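Please review the model shown below together with this briefing.

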Amino acid sequence: MEDVKVVVFGKENAGKSTLIKAIEHDAINIDKNNTTVSMDYGKTVVAGKKIHFYGTPGQERFDFMRDILSTGANIGIMVIDSTTNFSKMDTELLKEFRKKNIPCVVFINKTDIGSPENLRMEVQGFPIIEGSAKMGLGLPELLRSLINFA
């Protein structure tokens with residue numbers, strides 16, 4: 001069975017941990033006060049491929065963890081909160097993964113309570129999946145998109 005390494009990244013409170021938990025209910029989260037301070041880890045099997053999800057902390061002071069966890073990644077998932085505006089940090093994160101030649105899918109999260117319209121223009125050139133990790137919306141499409149890259 002082929003292994004696929006997926007790094008899940010984005011700003012703090014975008015829903016990265018929630019996304020990984022929605023995919024793998026027994027996922028591991030290393031956090032303090034409900035903020036990831038090390039990483040998340042979960043895995044699932046899709047279309048005969050074992051997909052390993054590594055979630056990075058969203059705070060800028062933990063950017064070294066994103067660097068460590070993205071080493072050897074086959075694909076990235078950038079999680080964006082649809083209830084907030086696209087920021088300079090979002091732009092820098094996408095540039096970082098482009099520079100590392102890691103293909104990325106953008107998951108616009110929290111669409112059950114926010115509007116993704118203002119974010120779609122900002123992430124042109126990347127595959128976009130809209131949904132809600134908390135509600136399980138968009139997860140089948142997201143997993144299918146990962147298989148297309150792997």
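The side chains of Arg120 and Glu117 form a salt bridge, with N and O 3.6 Å apart; a salt bridge here is a side-chain nitrogen of Lys or Arg within 4 Å of a carboxyl oxygen of Asp or Glu. This is a predicted model, in which local features need pLDDT of at least 70 and side-chain atom pairs count only at pLDDT 80 or more, whereas totals for chains, interfaces and linings use all residues. Residues are numbered from 1 along each chain as its sequence is written, and side-chain values use heavy atoms, with hydrogens and water left out.

**Salt bridges**

- Arg120 and Glu117 are three residues apart in helix H4 (residues 117–120), and are therefore separated by about one helical turn; helices (H or I, at least four residues) and strands (E, at least two) are DSSP runs, numbered from the N terminus.
- Arg120 is partly exposed at a relative accessible area of 31%, and Glu117 is likewise partly exposed at 44%; buried means under 20% relative accessible area, exposed over 50%, and partly exposed in between (1.4 Å probe, protein chains only).
- The whole structure contains nine salt bridges.
- One of them joins Asp90 to Lys11, with the closest N and O atoms 3.2 Å apart.
- Because Asp90 lies in helix H3 (residues 88–99) and Lys11 in the loop between strand E1 (2–9) and H1, this pair ties together parts that are 79 residues apart in sequence.
- Both Asp90 and Lys11 are buried.
- Glu96 forms a salt bridge with Arg66, the closest N and O atoms being 3.1 Å apart.
- Glu96 belongs to helix H3 and Arg66 to helix H2 (residues 63–70), so the pair links parts that are 30 residues apart in sequence.
- Arg66 is buried, at a relative accessible area of 7%.
- A network of salt bridges links Arg66, Asp67, Glu96 and Lys100.

**Aromatic rings and charges**

- There are three aromatic pairs in the structure; rings of Phe, Tyr and Trp (its six-membered ring) pair if their centres lie within 6.5 Å, and planes under 30 degrees apart count as stacked, over 60 as edge-to-face and the rest as tilted.
- The Tyr41 and Tyr54 rings have centres 5.1 Å apart and planes at 55°, so this pair is tilted.
- Tyr41 is in strand E3 (residues 35–46) and Tyr54 in strand E4 (residues 49–55), so the pair connects parts that are 13 residues apart in sequence.
- Tyr54 is partly exposed, at a relative accessible area of 21%.
- The rings of Phe62 and Phe64 also make a tilted pair, because their centres are 6.5 Å apart and their planes stand at 50°.
- Phe62 is buried at 12% relative accessible area, whereas Phe64 is partly exposed at 44%.
- Lys5 lies over the face of Tyr54, 5.1 Å from the ring centre; a charge sits over a ring if NZ of Lys or CZ of Arg is within 6 Å of the ring centre and within 35 degrees of the ring normal.
- Lys100 lies over the face of Phe97, at 5.8 Å from the ring centre.

**Buried positions**

- The buried residues of helix H1 (residues 16–23) include Lys16, Leu19, Ile20 and Ile23.
- Viewed down the axis of H1, the buried residues fall within an arc of 95°, so they line one face of the helix; the arc is that of the directions from the helix axis to the C-beta atoms.
- Phe107 is located in strand E6 (residues 104–109) and is buried, at 0% relative accessibility.
- Phe107 and Leu19 are 88 residues apart in sequence, and their C-alpha atoms are 9.5 Å apart in space.
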